[in-house]
Structure formats: structure tokens, C-alpha cells
Amino acid sequence: MKITEFGTENKMTFLLLPGTSCTWECNFDLLIKPLAEEYHVLCVNYTGFDGGTAIFDTQTAETKRIEKYVKQHFGGHLDAVYGSSMGGSFASLLVQRKRIHIDHVFIGSSDLDQASPLVAKLGTELIGIFMKRLARNPEKALQKFSKLGEAKGMGMSEEDFKSSGVSDDYMQHMMKGFCDTLQKVDMQSVKNQFYSDLVTKLDDKISVTGTVIHVFYAKKMGKKYLKRYHQHYAKPDIIPLNYGHEGWLGNPELMMRIFRKKMQSN
């Protein structure tokens, strides 16, 4: 695991946790600059995705590494965390384990899928096949992903594009970075990460005194995800946005307004 820091040390701390098989460069490239102007930003690249030779093992082991870093460098306290997609599962584990304290936790349209070891194993084998094809022929795979993503609420509408401040489809932009990452990592890290995320259980009604859990809810993904947020978090602060999965990452100005408002009002 590698954590890269931006911004001055005397500002509030803000940890960024990327999604499945992603790096912070892929997930947060548009957000880093404005965030670092106001916060001391910590960007995580998970083991296996950090340029080293080690293979990602388990979500719990990686969570412990993050906790150790925060204890050693920040006294076990963070002002805020944003977990993108699977990163939201990491953020939730950090809260429920109570080894460090976080004031504000932002969950980024996480699906919070849970599965039995058997189902997770089968799913992992399928995702492994898909990821290999994606790495070998990214352009063809991206075309298929775009059609699937549109059906699953993972794309951005034309209105989303206009409001995002970027000239192209942000999901295509992020997926290009995702494909670039896949070509550089050991596929076993990808499979281990996917499997571990499915079998690592989250508590229901997570609640810690002094911690506020804010959920960026992508309305285009559907209401079943909203139900999961209320299942796993005792008092989630739901932030409904008319985007697909993580579409707002293409709109850093919107995200900064939300961060400021939520962190000042609680």
C-alpha cells in the first residue's frame, strides 16, 4: 500500500479511497487540485495497485495498513474520508472497527454487495475473464461497458456532461484510466480484491459517536442501493444526486460545495 499526500500539513485531513481495481490517479485526477487547496489530502493506492511487487491479499488486512498509517502520522484521527465505490466499503470498515476516528465519512455511490464464499468465488472467476479481455482490448471492451453501464445507471446523461465542467464523457475518461491500470497490475490482485470485497461483511446500523456518514446516492442506479445504505448505516445523511454511478467525480466544483457544506454544518 502507498499513500501520497498533497496540501499543507496544518489543514484538515481528507483521505481518498479509490474503487475496485482503481488507483487514486484514475478515480480522483480532477478532484485533487481543488481539494488540496483546502485540505491536507491523503491518496491511497492499495497493495497490488501501488507500483510494488506485493499482491493484494484481503480487505481487512489492507484496512489495518491504513489504520496503522493514520495512527503513526495523524494520531489516529482524520477529519474526512471519501470512499469511491468499493472505497466506500473500506471507509465503512474503518468506522465499524473503531481503531481510528473519522469525523466525516463520505460514501461514493457504493453498491455494498455481500455474497457467500461460493457465490463470490464464481463471480470472481467471471470478473477475472472480463478484466483480462478488458486489458487486452480496451477499446472493444469499453464499447460493451458503455452499453452495459447505460442500462445499469452507470453512465452520465447529456445534461450531466454539460454540468460536469469536462468536455467528454467522464465515465469514458475514467474507464480509460481504469484500463491503463489493468495493464500494469497482476490479475491476482484484481481477483483477490474483488473476492475479498464480496465476502468481508459490513455490520448493520453502523454508528459511532462523533462520526457522521454522508452518502452520495446516485439516483440513476436505483432504489435498492438506497435501501442498503439505510441497512448498513444507522443515521446516514443521504445526498441524492441525479447522476449514474460516481458521475459527480467529473464535477469537482459540485463535490467541493457539498464537502464544505456538510463539514461546516455538522
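Predicted model: local features only at pLDDT ≥ 70, side-chain atom pairs only at ≥ 80, totals over all residues.
Residues are numbered from 1 along each chain as its sequence is written, and side-chain values use heavy atoms, with hydrogens and water left out.

**Confidence**

- pLDDT is the predictor's confidence in each residue, from 0 to 100; the protein chain has a mean of 88, and 86% of its residues reach 70 or more.
- Take care with residues 148–168: pLDDT stays under 50 there, and the model has 35 contacts for them beyond four places in sequence. Contact here means heavy atoms within 4.5 Å.

**The sheet**

- Seven strands make an open sheet with mixed pairing, in the order 1-3-2-4-5-6-7. Strands (E, at least two residues) and helices (H or I, at least four) are DSSP runs, numbered from the N terminus, and two strands pair if DSSP finds at least two bridges between them.
- At the edges sit strand 1 (2–6) and strand 7 (237–241), each pairing on one side only.
- From one strand to the next, the twist averages 20°.
- Strand 4 (residues 77–84) and strand 5 (residues 101–108) run parallel and are joined by seven bridges. In this pairing, L78 stands opposite I102 in strand 5.

**Helix 10 on the sheet**

- Helix 10 (residues 223–232) lies across strand 6 (212–218) and strand 7, at about 170° to strand 6. For that angle, axes are lines fitted to C-alpha atoms, for helices over the stretch in contact, and angles run from 0 to 180 degrees between N-to-C directions.
- The buried residues in helix 10 are Y225, R228, Y229 and H232. They cover an arc of only 100° around the axis, so they sit on the same side of helix 10; the arc is that of the directions from the helix axis to the C-beta atoms.
- Strand 6 and strand 7 are among what covers those buried residues.

**Salt bridges**

- The count is seven, taking a salt bridge as a side-chain nitrogen of Lys or Arg within 4 Å of a carboxyl oxygen of Asp or Glu.
- E62 and R65 form one of them, with the closest N and O atoms 2.4 Å apart. Both residues lie in helix 3 (residues 59–74), three residues apart, about one turn of the helix. An α-helix has 3.6 residues a turn, so residues three or four places apart point the same way.
- E62 is buried at a relative accessible area of 0%, whereas R65 is partly exposed at 30%. D57 joins E62 and R65 in a network of salt bridges.
- E67 and R97 form another, their closest N and O atoms being 2.8 Å apart. This pair links distant parts of the chain, 30 residues apart, with E67 in helix 3 and R97 in helix 4 (residues 86–97). Both E67 and R97 are buried.
- D113 forms a salt bridge with R228, the closest N and O atoms being 2.4 Å apart. D113 lies in the loop between strand 5 and helix 5 (117–136) and R228 in helix 10, so the pair ties together parts 115 residues apart in sequence. D113 is partly exposed, with a relative accessible area of 29%, while R228 is buried.

Technical notes:
Buried < 20%, exposed > 50% of the residue type's maximum accessible area, 1.4 Å probe, protein only.
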